[in-house]
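Thanks, everyone. Let me take you through one model this morning. Please have the sequence and the viewer open.

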Amino acid sequence: MRLASNIVYDVEHLRHVIKEISRHDHFSWDIETIGPYATTPVRNDVAWIAFSAPGVDAVIPMRHPIGSRIIGETKEPRADKNGKVRYFRVPVWDEPPAQLRPSIVFEETFDLFESDREKIAQNLSFDAISIAKHRGGELPKPPFHCTLVSSWLLDENRLNGLKPRVREEFGSDYDQGHTGKHIASTAFDKVARYNLLDTRFTRWLRNRNLAQMAEQRLFPVFHLEMDVLEVLLAMGQEGAPLDVPALHDLREHLETLVEQQEADVYRAAGKAFNLNAARQVAEVLYYPQNRGGQGIKPHKLTSGGKKKKQAGERITQLDYTTDADELAKHAGNPVVDALLTYKETNKLLSTYVYGYLGDPTAKDRPCQIHSGRIHTNFKQYGTVTGRFSSSEPNLQNIPRPNTDLGKRIRGLFIAPPGYKLIIADYSQIELRVLAHFAGPGALFEGFQAGIDPHTITAAGILKLPHDQVTGTQRTDYGKRINFLIGYGGGEHLLAEVAKIPLREAEGIIALHKQGFPEIYAYKAKLLEVARSRRPCHIRTLTGRIRRVPDLLSPAKWIRLKAERQIINSHIQGSAADIIKIAMVRTHAELPEEAKLILTVHDELVTLVPDHLVEKAVEAIREGMLGAGIQSLLSVPLQSDIKIVDRWSEAKE
DNA sequence: CTTCACTCGTGG
DNA sequence: AAATCCACGAGTGAAG
């Protein structure tokens, strides 16, 4: 490859490249970004863009700050973290060549991204949202192929970065360093080569992945994922509105609270120590009084402690857990009580408040709020089961509005004046999926009859008519067991969470087997099918694959874990299929001005102007429950829909 | 200085 | 006998 001839410096060359690409029905593209928000698509600066199609490779620099040669060195003063000024040697680079302006490049390439050609990228949502800023907010139009998604469908268990995949498929190791993370300080010609190779390998990888997906009959789920990707692009661009003034108030409030609560712990303990260090907490709580401790007798080891015990090593007080579950057993001790209070407050302050506002002193903790909104990173390829993950920040683990502080955090997510939030939750989706797979039986028929599933389970175990089940029985024999069976929990776990003797737990599970034999038959059959395949795997409702090779492990505890994973993935993965389908359908039905903004496993959050609320509710209902999606399950789907001003108002 | 394992705590 | 599935992230402390 003669790199120089592939670098585009003028409009004539650019137009020629676009013409060449236009001969094909697909092309790949890739960008390089710089600036303080290089990894934030709604904020970053796009410095490079490259295109690749059969016989065409082009890389277009737009604002690379340096040239290709080091011509000297200077010293720059920088304060270290103790505030001391130190001098660092900094290379001086030659000037970069004259480059095309982004406005020109994105104007010339505008139609390419509007066309019906297949647009290919590795992690397409990053590149698409980043370039939309330069396209008057217009996202590229489908059809899409994101190679990160296709690679993940082909192997959900490995990390599907481009470089490892390229090494695997083509045996090429074209970038040993981390060029993509330091674009602005990397030589011009090196970035050009890197950007171009990324783009070309992405296109090649698309071809490999298409062939492998065809072999594995993964096209139906791949097309679903590409439809989901379109929805995700719109969500990523939109963001979730936040009550920023309330967030600042909450910071003030929590900071004073934490300070007081920290002092309360020290006072009770008679000394200061690091409250966030589990070992120091164990020392204070579990050491005897003559060694400055509280002399509490702990029950449960940490996971590391269990390993030590297994290995025959000596266990000390420091190997016992100090988690909230253990501490609750020692409530009444003044240190424990103060510590529990502190932990709750500190968790909310550091994870949620500082997590959103950022820490100006820490480079790796940026403010996550842009124009009053949070743009989380939803990854459709973020889990092994098919669910989404959410990061930077994670908006799928916002505290529930059960406590005052939890409510204040969740309440930060608001509808601006003139808008409403519509919160739509699938009710008991995993149990419905289980009933569908298990087929006719008490659970299946209960759902058909519209009876609450926890009541069904309790009635089945206690051999009572469902209208005679009391509230306590529903919780103890219904909810708790239903929770357990989805994850494959056993007698030991039931005994522990229900605080009952092991014998009693065994009895309850035996009764459940009697009342719901079809559930156990389904599990046995599923495992048999999974074991017969190589590698061992199951498929969800949409044909998504979860591979669990450990199913044939000679070690019994590894094999049992694999069995739980197989069963849980079949159910959790199929539920994920349903919510993904619902998102696509809802997005298509919603009026233009109504926007899906969040998805939390079984919940969709939509932001809607007041005058469109009724229409939007109808669209969401149709998207989540309409005939086209209901036909996937043999038991009825159900969704609870609430219209609110703050997310915290939607508690059940 | 960076990276990693570990513990803990949120959510579904 | 280590016996509950799937995530993200703050923070500690030791090792590279």
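A definition before anything else: a polar contact is a pair of N or O atoms within 3.5 Å; within protein, one must be able to donate a hydrogen and the other to accept it, and residues adjacent in sequence count only if both atoms are side-chain atoms. By that cut-off, the side chain of Q572 puts an N or O atom 3.3 Å from a base nitrogen of DNA strand B.

Now the ground rules. This is a predicted model: local features need pLDDT of at least 70, side-chain atom pairs count only at pLDDT 80 or more, and totals for chains, interfaces and linings use all residues. Residues are numbered from 1 along each chain as its sequence is written, chains are lettered from A and ligands numbered from 1 in the order in which they are written, and side-chain values use heavy atoms, with hydrogens and water left out.

Stay with DNA strand B. A residue is near a strand if one of its heavy atoms lies within 4 Å of it. There are 22 residues around DNA strand B, and S303, T322, N397, I398 and R400 come nearest. Which part of the strand do they meet? Of its atoms within 4 Å of the protein, 77% belong to sugar or phosphate, and the rest to bases. Two more contacts, then. A backbone N or O atom of A324 sits 3.0 Å from a phosphate oxygen of DNA strand B. The side chain of D602 brings an N or O atom 2.9 Å from a sugar or linking oxygen of DNA strand B.

Next, elements. Helices (H or I, at least four residues) and strands (E, at least two) are DSSP runs, numbered from the N terminus. Both α11 (303-310) and α13 (334-357) supply at least two residues of the surface near DNA strand B. The most comes from α13, with three residues.

On to DNA strand C. It is surrounded by 31 residues, and the closest are Q310, E392, Y487, L493 and W557. N274 does it with a polar side-chain atom, at 3.1 Å. V384 uses a backbone N or O atom, at 2.9 Å. Q565 uses a polar side-chain atom, at 3.3 Å. Two or more residues each come from α13, β12 (389-391), α19 (491-498) and α22 (556-589). Which element gives the most to this surface? That is α22, with seven residues.

Now the sheet. Two strands pair if DSSP finds at least two bridges between them. Four strands form an open, antiparallel sheet in the order β16-β17-β13-β18. β16 (595-599) and β18 (639-644) stand at the edges with a single partner strand each, so one side of each has no neighbour in the sheet. Strand β13 (residues 419-426) pairs with β18 over six bridges. One bridge joins Y426 to S639 in β18.

Last, the interior. A nonpolar core is a set of buried (under 20% relative accessible area, 1.4 Å probe, protein chains only) Ala, Val, Leu, Ile, Met, Phe, Trp, Tyr and Cys residues joined through side-chain atoms within 4.5 Å. The largest has 117 residues, and those with the most contacts inside it are L285, Y356, F413, L421, Y426 and W647. The most residues in this core, 11, come from α13. Apart from it lies another core of 46 residues, among them V56, L100, C146 and L153.

Key. Buried < 20%, exposed > 50% of the residue type's maximum accessible area, 1.4 Å probe, protein only.
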